[in-house]
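These are my notebook entries on one structure. I record here what I looked up, entry by entry.

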Amino acid sequence: MVILSKPSIKQFSVTKTCKPTATATATAFFSGIPLIDLSKPDSKNLLVNACEELGFFKVVNHGVPTESIAQLESEAVKFFSLPLSEKEKAGPPDPFGYGSKSIGLNGDVGWVEYLLLTTNPEFTHHRFSSLIGNNPEIFRCSVDNYVSEVKRMACEVLELLADGLKIQQSNVFSKLLMDEHSDSVFRVNHYPPCPELEEMSEMDLIGFGEHTDPQIISVLRSNNTSGLQISLTDGNWISVPPDQNSFFIIVGDSLQVMTNGRFKSVKHRVVANSWKSRVSMIYFGGPPLSEKIAPLPSLMEGEDSLYKEFTWFEYKKSAFNLRLAENRLGLFQKFVST
C-alpha cells in the first residue's frame, strides 16, 4: 500500500486517543457492541434494541459468502496499490470515481483514499478499464456480486426491524432499497499506514471525520485493522474492535426520521493506524430520490412528529452542502413549544 507523504500530515486534523472506559478493554476497545445472530428467532427484538440504544451493531450468520468478500477485497487492494498517477485516471469523483484526501466539496479532508460507485446496474466502470488489468469485468463482477449479497442482507435486517416494531407491512423499509430507482451507493475506503503517528503522543490522526450517514442503513465490513470509532450518547468516543468476518450495521438519518427518533443515527469516524493499512467496504442503502421521508404513522402512537417531511433528494442536497460534522437533521427538525 502507498504511504502518503510525510509533509502532508500537517493539513489533517488530530484528536485525542480514546481512553479505556468501564466497558472497554485495556486498549480502549468497546466491549458493549451488540452482537446479533441473524439466524436466531429472537434477532428481531435484539435488532430493535440495538437501534434504539446505540444505532450500531454487529451481525453474524449473515449469509454473505466469504468468497465474495475475499474477491472484492483482493481487487480493492490491487487498485489502491497502483501508483497515484494511475489511480487518478479514475478521478476526480463527479461524484463517482477515485478521490484522495478531500472528502466532499466543503473543505473536509482525511487520511484516506477511496472509490465511490453507484449501485445502478446501468452504470459502466469504463473509467477503471485502464486500471484493472485488461479485463475490467473482473472488477465490475466483484463489486456487483458483493453489493448484491450485502443488499440482500440489509433488506433482511430491515424486514426483521419492521417485524420487531410490529409494523404490518414488513417491507416498509426494505422496499426502498429494492426499488429500481433506489439511490444507493457503494464506497471502498483505504486508510494508508502513517508511521509518523508514533511521534504524536496520545493523539490520533483523522482518516474520516465524524459524521452520521444520511441514508437509511449502512453495511460496513473492513479488514482486521482497527480505526473505526463511534460516539456514545454521553459524547465519549470509543474504538470498535475490528472483525473481518462480520458486518457492522449503522442506522442512517433517514431511518431515524422514519421511526420518529426511536432509532438513533450514530456519529462515527475513522482514525489512522501507525503501521497497518485499513480497507473498508460500505454499502449505503438509500431510497429513490423522489421518496418522501417522514415518521411512519404506525409508530407515532399519538406523538407529534419530530421532523418535517422531505424528499430524499431535498435531504441529500442539504446534507452534502454541509461539513461532515454538522447536524444534518437540524434543518428538518420540528421544535415543539412546551
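Entry 1, the largest pocket. I found about 880 Å³ of space in it. On a 1 Å grid over the protein atoms alone, a pocket is an open set of points where a 1.4 Å probe fits, with protein on both sides within 12 Å along at least five of seven lines; the volume is the space filled by probe spheres set on the points. Of its 41 lining residues, Ile103, Gly104, Leu116, Arg187 and Phe320 are the closest to the centre; a lining residue has an atom within 4 Å of a point.

The model is predicted, with pLDDT of at least 70 needed for local features and 80 or more for side-chain atom pairs, while totals for chains, interfaces and linings use all residues. Residues are numbered from 1 along each chain, and side-chain values use heavy atoms, without hydrogens and water.

I located Val48 in helix α1, residues 43-53 (a helix is a DSSP run of H or I, at least four residues, numbered from the N terminus). Val48 counts as buried because its relative accessibility is 5%, buried meaning under 20% relative accessible area with a 1.4 Å probe, protein chains only. Beyond four places in sequence, Val48 is in contact (heavy atoms within 4.5 Å) with Leu161, Gly164, Leu165, Arg262 and Phe263. The C-alpha atoms of Val48 and Arg262 are 9.3 Å apart, across 214 residues of chain.

I noted Ser43, Leu47, Val48, Ala50 and Cys51 as buried in α1. They lie on the same side of α1 because they cover an arc of only 165° around the axis, taken from the directions from the helix axis to the C-beta atoms.

Definitions and conventions
Helices (H or I, at least four residues) and strands (E, at least two) are DSSP runs, numbered from the N terminus. Buried means under 20% relative accessible area, exposed over 50%, partly exposed in between (1.4 Å probe, protein chains only).
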